[in-house]
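Here is a short walk through one model. Start with the ligand site, then move to a single loop residue.

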Amino acid sequence: MALDNVSSGSGYGKTVCVTGAGGFIASWIVKLLLERGYTVKGTVRNPDDQKNAHLKELEGAKDRLTLWRAHLLDFQGLKDAISGCHGVFHTASPMTNDAEKMVNPAVNGTKNVIIAAAEAKVERVVFTSSIGAVYMDPNRSRDVVVDESCWSDLEFCKNTNNWYCYGKTVAELAAWELAKEKGVDLVTVVPPLVMGPILQPTMNISTGHIFKYLSGSAKSYTNDVHAYVHVRDVAFAHLLVYETPSASGRYICSQSSLHRGELVEILARLFPNYPIPTKCSDEINPRAKHYKYSSQKLKDMGMEFTPVEQSLYDTVISLQHKGILGVVHTKKYASSKL
Ligand SMILES: CC(C)(COP(=O)(O)OP(=O)(O)OC[C@H]1O[C@@H](n2cnc3c(N)ncnc32)[C@H](O)[C@@H]1OP(=O)(O)O)[C@@H](O)C(=O)NCCC(=O)NCCSC(=O)/C=C/c1ccc(O)cc1
Ligand SMILES: NC(=O)C1=CN([C@@H]2O[C@H](COP(=O)(O)OP(=O)(O)OC[C@H]3O[C@@H](n4cnc5c(N)ncnc54)[C@H](OP(=O)(O)O)[C@@H]3O)[C@@H](O)[C@H]2O)C=CC1
């Protein structure tokens with residue numbers, strides 16, 4: 001999607017903060033913000049770590065990007081970074097099912113960001129939530145459309161040890177509650193599994209999810225479904241909801257849902273020379289049913305999504321370019337703008 005599609009004003013003269021700036025999605029948010037002319041204050045846990053060096057190579061970074069040291073539980077660090085900003089993109093979060101490592105930083109980190117944003121009187125906070133805060137409800141039929149009114153069932157997340165989904169749900173709920181109390185204008189973007197080119201030097205968990213099917217490490221695929229979206233579209237959605245004054249509430253940002261069997265079929269068609277599994281690990285149960293996610297709210301704002309085949313293609317090509325995945329074969333396919 002062309003960046004010119006962002007309908008509202010440019011970022012010139014505006015300063016925004018992006019938390020966890022060196023991460024997979026945040027790096028793309030920083031890239032698009034810099035391209036729009038914003039001045040960006042990015043928080044990272046260690047500005048000197050080589051894993052954040054790619055940020056300094058982004059176009060515009062030399063003049064308009066500064067990195068600020070801040071752990072999610074370090075209120076003063078976050079406050080310093082958010083001070084003087086017009087807006088905040090709160091993307092930093094642990095991604096783990098370890099309750100201790102997940103819940104406290106995700107929830108209290110988010111509260112810290114909202115409080116610091118309120119003190120700095122920012123115009124808007126955009127929070128990166130997750131479909132994990134939406135779909136985990138065993139009592140909701142998979143035939144029902146899942147939209148922004150849906151929330152994951154906290155007891156179910158707890159009882160099934162889905163601490164990542166639990167943490168993201170509680171963090172988003174806390175963000176809404178505190179934003180209301182402090183008068184902060186909050187909008188949330190809710191992506192499913194995010195794919196596409198990595199700007200950072202190493203793989204993250206959602207690209208690792210694809211990598212295991214090409215590396216030979218996964219010998220079968222699981223009987224499960226997930227929805228997917230291109231990382232550039234997710235970053236774009238963050239800018240779109242930030243720059244559109246009428247944007248409000250939650251925005252599911254999902255392109256399409258695939259059963260893992262459909263995912264490996266696409267990969268095998270695009271990259272037939274990799275050892276992609278052809279067998280499901282579950283030969284007993286019927287195929288897991290898709291969820292019916294609706295991204296209509298975003299589409300109504302003009303959002304156009306990259307097809308899932310292109311997202312998968314871009315993911316694999318990026319892993320090859322980074323030297324993470326050996327090049328076995330590249331089928332001709334229109335490469336999207338990296
Ligand atoms: C989709 C997830 C996120 C990743 O899955 P995965 O690690 O790629 O594993 P699979 O779901 O493909 O399947 C597990 C199967 O693959 C196997 N497996 C597994 N890694 C291997 C292997 N490296 N070799 C070989 N076999 C393997 C594993 O043993 C198991 O085998 P089996 O069930 O017998 O088929 C998965 O953890 C999951 O569904 N979690 C529930 C949470 C969830 O739904 N989250 C909400 C949407 S996703 C989201 O918000 C993500 C946020 C995120 C935030 C930050 C990030 O950095 C990254 C992501
Ligand atoms: N990737 C996906 O498929 C999806 C991701 N999301 C959400 O998007 C956001 C970004 O995910 P993604 O880019 O994939 O993840 P990454 O792991 O690539 O990035 C996460 C970032 O959060 C930072 N971070 C983690 N814990 C802390 C902490 N305690 N204090 C400060 N910073 C911290 C990391 O910093 P450091 O570099 O210092 O480790 C890193 O920069 C998260 O909120 C995640 O929940 C939602 C749906 C899907």
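**The shell around ligand 2**

Sort the shell around ligand 2 by residue class: 12 are nonpolar, 10 polar and 3 charged. Keep in mind that this is a predicted model. The shell holds 25 residues, and those that come nearest to ligand 2 are R45, T91, Y164, K168 and V194.

Now place the shell on the fold. Three elements each supply at least two of its residues: α1 (24–35), α7 (163–182) and β8 (193–195).

Next, look at the backbone around the ligand. A polar backbone atom of I25 lies 2.8 Å from an oxygen atom of ligand 2. For V194, a polar backbone atom is likewise 2.8 Å from an oxygen atom of ligand 2. L72 faces another element: a polar backbone atom of L72 is 2.9 Å from a nitrogen atom of ligand 2. How much of ligand 2 does the protein bury? Taken alone, ligand 2 exposes 880 Å², and the protein buries 86% of that.

Turn to T244. This residue sits in the loop between α9 (231–243) and β10 (249–252). Is T244 buried or exposed? T244 counts as buried, because its relative accessibility is 15% and the cut-off for buried is under 20%. A polar atom of the T244 side chain lies 2.6 Å from the backbone oxygen of L240.

Notes. Residues are numbered from 1 along each chain as its sequence is written. Chains are lettered from A and ligands numbered from 1 in the order in which they are written. This is a predicted model: local features need pLDDT of at least 70, side-chain atom pairs count only at pLDDT 80 or more; totals for chains, interfaces and linings use all residues. Side-chain values use heavy atoms; hydrogens and water are left out. A residue is near a molecule or strand if one of its heavy atoms lies within 4 Å of it. A polar contact is a pair of N or O atoms within 3.5 Å; within protein, one must be able to donate a hydrogen and the other to accept it, and residues adjacent in sequence count only if both atoms are side-chain atoms. Accessible areas come from the Shrake-Rupley method with a 1.4 Å probe; for residues, only the protein chains shown count as cover. Helices (H or I, at least four residues) and strands (E, at least two) are DSSP runs, numbered from the N terminus. Ala, Val, Leu, Ile, Met, Phe, Trp, Tyr, Cys and Pro count as nonpolar, Asp, Glu, Lys and Arg as charged, and the others, Gly among them, as polar. Buried means under 20% relative accessible area, exposed over 50%, partly exposed in between (1.4 Å probe, protein chains only).
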